[in-house]
Each structure stands twice: as structure tokens, then as C-alpha cells.
Amino acid sequence: MAETVIQHSSVGASSCERWWNCPGSNALIAKLPPAEPSKYAAEGTAAHALCEHVLKNKVHYNAKWDATVCIGETYEVDDFQFKVTEEMATAANLYVNTILEDAKRIGCNLRRTVQLEGQNPEAWKAWDKETQEKINTLWVNIEKGFELKDVDIEARGTNDASIYVPGETLIVYDFKYGAGIPVEAQENKQMMYYAIGAAGKNLMSFKSIELVIVQPRAEHPLGPVRRWVTTPERIAQFKRDLKEHIEETRKPNAATRTGKWCRFCNAKLICPAMRDKTYELAKIDFAQKPENNAIKHPSMLTPEEIKLFLDNADLLEQYIKDVKAYALRILDNGGTIEGYKLVRSNKTHRKWNDSEENITSMLSLELGIDPEDLYDKSLKTPAQVEKALGNTKGVKDIVASYCYRPEGELKLARDEDLREKQTPTAIADFQAISELGL
Ligand code: SF4
């Protein structure tokens with residue numbers, strides 16, 4: 001849990017990207033009942049709790065264990081229960097190790113300044129001598145809530161972690177467990193907001209400020225840890241802009257503006273800007289059926305129309321998904337929508353109805369087969385083999401000599417995507433044939 005309990009704010013750090021770009025969204029959201037808890041968000045909270053638990057133990061008690069010892073433990077968030085899986089533990093370890101390695105790199109002393117009375121004596125023993133001598137130099141904050149009263153009475157947030165060396169470097173971390181949208185560190189508003197909170201009144205005393213996103217499950221060409229090194233001056237400028245943007249959200253008739261930030265906005269279904277965008281794109285009036293049910297086939301679109309769709313595809317897809325989820329909720333709560341009903345998916349797989357042990361012994365008894373034949377054995381993946389053999393010398397090279405990375409599927413991406421531009425398949429095939437002299 002966070003050290004300081006920070007109440008929800010409509011202009012808080014976590015939603016900054018949305019209300020900064022769409023100041024009118026706050027007024028729309030205020031008209032809605034509180035959003036229903038989402039399983040994805042709750043899973044993220046559980047993963048954050050694991051990260052916090054491991055990091056605090058590493059920092060405060062010099063713990064020798066890592067998140068893998070928590071595999072199988074349960075976290076309960078918003079009535080959802082999540083077991084710590086290997087994937088979650090690996091993600092938490094990446095986050096914790098990134099911070100610990102950075103601390104070593106910048107010469108940050110990670111130990112804490114807490115009252116030691118009442119501490120678990122076992123924990124005491126785990127502290128090394130050097131640690132105990134330096135207990136008054138704490139250069140780390142974990143899940144620390146902050147308020148920016150000089151910016152706005154409601155400006156606040158809770159930062160996952162930050163480490164620093166006074167007068168030198170401040171590093172601010174944000175852990176993201178989401179797999180869907182890779183988040184950039186550069187010019188990230190949420191992170192700059194956290195940096196103001198983490199630096200406090202010492203902002204201008206640092207020489208550099210580093211913002212780090214750790215997002216282990218989303219594919220990104222720069223890998224799961226992305227960094228942006230900036231200056232106190234840039235953060236100070238952001239702080240001034242922050243004040244103005246917060247004021248914008250409070251203006252009557254504050255503007256609404258669609259963009260990628262709409263994805264996490266609860267007001268999508270009542271938002272006029274979203275409705276206009278949808279009409280503009282679909283070129284149909286939802287109040288009437290399109291003539292002959294005909295929507296243009298993609299081959300009939302002009303390049304400009306294709307671009308217009310692509311520029312807004314994510315927005316539209318998300319909107320349609322939200323409308324469908326909302327319709328399902330209406331029906332599930334006993335409401336009606338003409339022409340629609342609730343059904344059960346028949347895409348389910350049969351499951352054994354007893355414990356694994358009982359099923360194994362009963363099947364081998366009744367079917368007369370060797371219990372071994374009831375289990376699958378398959379070759380481990382290269383990553384699993386490396387993991388099983390740990391740091392054994394030469395493992396990585398030997399494994400590398402027996403594996404290859406298949407080419408990924410072709411995907412559509414925006415020009416600013418950092419991945420290399422690919423040659424169209426038709427041209428690549430033609431070049432290959434030419435090279436062969438066929
Ligand atoms: S859906 Fe998009 S445009 Fe509409 S209020 Fe939300 S963020 Fe603004």
C-alpha cells in the first residue's frame with residue numbers, strides 16, 4: 001500500500017494525458033456514475049502491489065529473495081483475485097532490478113530513515129553493517145503520495161518509485177503491467193508530473209532528471225525499459241504549463257478533443273466530439289440505415305480516405321468495443337435492446353471434474369494405460385532452457401547456436417514507429433527471383 005493515502009483527483013497525474021489534451025473531458029466524466037472496476041486495471045494494481053512488496057523488502061531489509069518466491073500467492077483487488085504467476089513475478093523482478101542497478105550506477109544510497117523500534121528483529125539481522133551506519137541517508141521513495149499545492153489544490157499523485165543523489169540525479173519510475181499499448185518515456189506527461197512531485201522543492205538543484213517506464217509485457221523496439229533524460233528546466237516549464245492546463249479543465253465549455261487519450265476515457269459514450277468523429281468517419285447517419293446497407297468497400301476508398309480511417313482506427317475500434325461492452329451490460333442487468341439477446345459462447349473446452357491425482361489414477365485403472373501417457377512432454381523454449389540453467393558459463397552461446405528468431409508478420413505502423421521499414425512482399429519476391437537469375 002502507498003505510504004500516504006492520496007484521494008482521487010480529477011486533475012491527478014495518472015489521467016494527465018487525457019485532461020491535458022481534452023480539458024472538457026473532466027466535466028463529462030463528472031456527469032457519469034463511478035466507473036465499474038475493470039479486471040485489467042485490478043490486475044495492474046495487483047502487479048504494482050507485488051512490485052512494491054519486493055522493492056521495499058530489497059531496500060529496507062536487503063532481502064536476498066525475489067518476486068519468484070511469491071508465485072502462487074493471491075492478491076485481492078476490487079473483488080477480483082489474482083494469483084502471482086511466473087509472468088507477473090518476472091515483470092516485478094525486472095522493475096526492481098532496474099531500480100537497484102540504476103541505484104548502483106548513480107551512487108544512490110537506498111537505505112531508509114525509519115524509527116527502528118518495533119521492527120522485526122530478524123529484519124534487523126539482515127541489515128549489513130554499512131547499512132546501519134547510513135540509516136540517516138535515504139535516497140529512495142517507494143509508492144510515495146505527493147501534493148502540488150503551489151500548482152493547484154487538487155494537483156496530486158502517487159509515484160511508483162524514485163531514487164536520487166542530492167544535487168546530481170533524480171530518476172523517476174513508472175511500472176506498467178498493461179500489454180496492449182506501449183508507453184513512451186519521452187515527453188510523457190504523467191512522468192513529468194511525477195518528477196515534480198518526486199523532486200519537491202529541490203527540483204532546480206538536480207543536474208539531470210531521468211524518467212523511466214518499465215513495461216515488461218508490451219512489445220516495443222526499445223525493449224521493456226524506456227528512458228528519457230531531461231533537465232530540471234524542462235520539468236519546471238512543464239510545471240508552469242500544468243497550472244494553465246488544470247485551469248483550462250475548469251472553464252465553462254472547456255473544449256473536447258479526440259485523440260489516442262480517448263482510449264481510457266469513461267465519457268466516450270456520451271461525448272459529442274467522439275460522436276462527431278464517428279459520424280465523420282463512417283459517413284453514415286446512425287439514425288437511418290445506409291442506403292442499400294452499402295458502406296464503401298475498402299478498394300473504393302481514395303488514399304486520403306484510407307489515411308483518415310487509419311489515423312482514427314484505434315479510436316473507432318475502441319469506441320465500438322466500448323459500445324458492445326455497454327450493450328452486454330444492459331442486457332445482463334435485465335434491460336433490452338431490440339434485435340439482441342444474451343447467449344453463452346460455445347467456445348469452451350471440457351475440463352476434468354476431479355483432482356489431477358484422482359483423474360490420473362482412475363483413468364490409468366479403467367483404461368489400462370500408463371499414467372505417463374496421460375501427460376504431454378515437450379521441448380522447453382530457448383528462454384526456458386536459459387532460465388533453468390541460470391548463469392552457467394556458455395549457456396547463452398550454446399542455446400543461441402541452436403535457435404533462430406522467425407521473421408515477424410508484416411504489420412501496419414505509423415511513420416514515427418521506431419521499427420525498420422520493410423520492403424513490400426511483392427517487390428522482395430521479385431528481387432529474390434532476379435538475384436537467382438530466374
Ligand atoms: S472521449 Fe475523448 S474527446 Fe470525448 S471527452 Fe473523452 S477524451 Fe475527450
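**Ligand site, a helix and a cysteine**

The shell around the ligand draws at least two residues from each of α2 (25-30) and α9 (272-282). The model is a predicted one. The ligand lies between domain 1 (16-250) and domain 2 (271-332), because both give residues to its shell.

Ligand shell
- The ligand is surrounded by 16 residues, and the closest are Cys22, Ser25, Cys262, Cys265 and Cys271.
- By type, the shell around the ligand holds nine nonpolar, four polar and three charged residues.

Helix α4
- Helix α4 covers residues 86-106, which makes 21 residues.
- From first C-alpha to last, α4 reaches 30 Å, close to the 30 Å expected at 1.5 Å a residue.
- The buried residues in α4 are Met88, Ala89, Ala91, Ala92, Tyr95, Val96, Thr98, Ile99 and Ala103.
- An α-helix has 3.6 residues a turn, so residues three or four places apart point the same way.
- The cover over the buried residues of α4 includes the helix α3 (39-61). It also includes the strands β4 (156-165), β5 (169-175), β6 (208-214) and β7 (225-230).

Cys403
- The loop between α13 (395-401) and α14 (425-435) contains Cys403.
- Cys403 counts as exposed because it has 10 C-beta neighbours inside 10 Å, and the cut-off for exposed is 12 or fewer.
- Pro382 is 21 residues from Cys403 in sequence, while their C-alpha atoms are 7.2 Å apart in space.

How values were computed. Residues are numbered from 1 along each chain as its sequence is written. This is a predicted model: local features need pLDDT of at least 70, side-chain atom pairs count only at pLDDT 80 or more; totals for chains, interfaces and linings use all residues. A residue is near a molecule or strand if its C-beta atom, placed from the backbone, lies within 6 Å of it. Helices (H or I, at least four residues) and strands (E, at least two) are DSSP runs, numbered from the N terminus. Ala, Val, Leu, Ile, Met, Phe, Trp, Tyr, Cys and Pro count as nonpolar, Asp, Glu, Lys and Arg as charged, and the others, Gly among them, as polar. Domain bounds come from an automatic or database domain assignment. The expected span of a helix is 1.5 Å times one less than its number of residues. A residue is buried if 20 or more other C-beta atoms lie within 10 Å of its own, exposed if 12 or fewer, and partly exposed in between; C-beta atoms are placed from the backbone. Two residues are in contact if their C-beta atoms, placed from the backbone, lie within 7 Å.
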